[in-house]
Amino acid sequence: MTTTLPADLATLSDTARRLTQAGRGILAADESIRTMSARLDNEGIPPSVTARRDYRELLVTAEGLSETVSGVIWCDETFGQSLSDDRPFPLAARELDILPGIKVDTGTRELPGRDGALVTEGLDGLDDRLASYAERGAAFAKWRAVFDVATITPYTARVNGHALARYAASCQAHGIVPIVEPEVLCTGGHSLGESARASRLALNALFDELAQAGVELSGIVLKPNFVTPGLTAPGATAPTVAAATFDVLRDEVPADVAGIAFLSGGHPTKDACAFLDETKAVPERPWPVTFSFGRALVSEALSVWGGDPGQAKAAQKVLLGNCRRAARTTR
């Protein structure tokens, strides 16, 4: 069981509701140093501490971002950095009416003898890290578990669900809202039905483990994938994706979860927004739904910026346009 007190739960619930309110979503800018450096390199930008900082500063300081973004997730490096005006990133975000979040998992490794299935790590030392993040102003955190349709089994779902539950319980004990992310990858040629089966398996194990850990569901945000065919399989219409996604969520996600923030999962922006728009329109939906997109919002902005300070405003304009497009689907 967690040590969350009733007063703490009220704060957690308020924060979780704020993160998933209609009209705003969560910006995922939490790429690891390796991943962010690779993306900079792909755009012809020499990867460096300063370049990564400048890029994340460009995102969070876009004028009017808080109109469509309720929170932003960073990695440890960015969370500990300051903007060019010397304001720490978490403080600057709060002053801009955006909740600061932190990714706390440390990546994945293969589970022995499980055909390449992965488990997410980062529980060692997590309580100490959460205490530090809370002291520096973190409102929420994120932990991502990764499942491949071809390799997910009840065992791999349970192992990752257990880690997500331990992480979530620790977050709540420190007054931090946990975003729990059981991502079934959309890479591959699997069918819509195979995606639904894998998503059910991941969610069922997750919520069983959350219950056993005593996690308060009114103080979490679920970050699931849309149920879609694989990217190399024949596609499905947005209404079909929304119906399949809702069928899975209705059966596996308790109604007292504070809110759902969908990941884009590598889908093009227009597709991810169309999926969300159709899912939001389901009348019997018991939870608020919004977005927690990364690449779908920022990839074009990164290309426009290209490391050139003179292109910062143009890049911010592109970012704001993508955020508005996503936010319209949640109203």
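## Lys280 in helix α10

Lys280 is part of helix α10, in a model that is predicted. The relative accessibility of Lys280 is 19%, and because buried means under 20%, this residue counts as buried.

A polar atom of the Lys280 side chain lies 3.0 Å from the backbone oxygen of Arg331. Apart from neighbours within four places in sequence, the contacts of Lys280 are Arg285, Val289, Thr329, Thr330 and Arg331.

## Packing of α10 with α12

Helix α10 covers residues 269-280, and helix α12 covers residues 312-328. Angles under 35 degrees count as roughly parallel, so α10 is roughly parallel to α12.

Which residues of α10 meet α12? On the α10 side they are Thr269, Cys273 and Leu276, and on the α12 side Asn322, Arg325 and Ala326. By class, the residues of this contact are 3 nonpolar, 2 polar and 1 charged. An α-helix has 3.6 residues a turn, so residues three or four places apart point the same way.

## Helix α8 and its surroundings

Helix α8 runs over residues 192-212, which is 21 residues. From its first C-alpha to its last, α8 reaches 30 Å, close to the 30 Å expected at 1.5 Å a residue. After α8 comes Gly214, which has a positive phi near 75°.

The buried residues of α8 are Ser195, Ala196, Ala198, Ser199, Ala202, Leu203, Ala205, Leu206, Phe207, Glu209 and Leu210. What covers these buried residues? The cover includes the strands β6 (140-147), β7 (177-184) and β8 (221-222), and it also includes the helices α7 (154-173) and α9 (238-252).

## Leu130 in helix α6

Leu130 sits in helix α6, which spans residues 126-135. Is Leu130 buried or exposed? Leu130 has a relative accessible area of 0% and is buried.

Leaving out neighbours within four places in sequence, Leu130 is in contact with Val104, Ser170, Cys171, His174 and Ile176. Gly235 stands 105 residues from Leu130 along the chain, and the C-alpha atoms of Leu130 and Gly235 are separated by 41 Å.

Key: Residues are numbered from 1 along each chain as its sequence is written. This is a predicted model: local features need pLDDT of at least 70, side-chain atom pairs count only at pLDDT 80 or more; totals for chains, interfaces and linings use all residues. Side-chain values use heavy atoms; hydrogens and water are left out. Axes are lines fitted to C-alpha atoms, for helices over the stretch in contact, and angles run from 0 to 180 degrees between N-to-C directions. Helices (H or I, at least four residues) and strands (E, at least two) are DSSP runs, numbered from the N terminus. Angles under 35 degrees count as roughly parallel, over 145 as roughly antiparallel, 65 to 115 as roughly perpendicular and the rest as oblique. Contact means heavy atoms within 4.5 Å. Ala, Val, Leu, Ile, Met, Phe, Trp, Tyr, Cys and Pro count as nonpolar, Asp, Glu, Lys and Arg as charged, and the others, Gly among them, as polar. The expected span of a helix is 1.5 Å times one less than its number of residues. Buried means under 20% relative accessible area, exposed over 50%, partly exposed in between (1.4 Å probe, protein chains only). A polar contact is a pair of N or O atoms within 3.5 Å; within protein, one must be able to donate a hydrogen and the other to accept it, and residues adjacent in sequence count only if both atoms are side-chain atoms.
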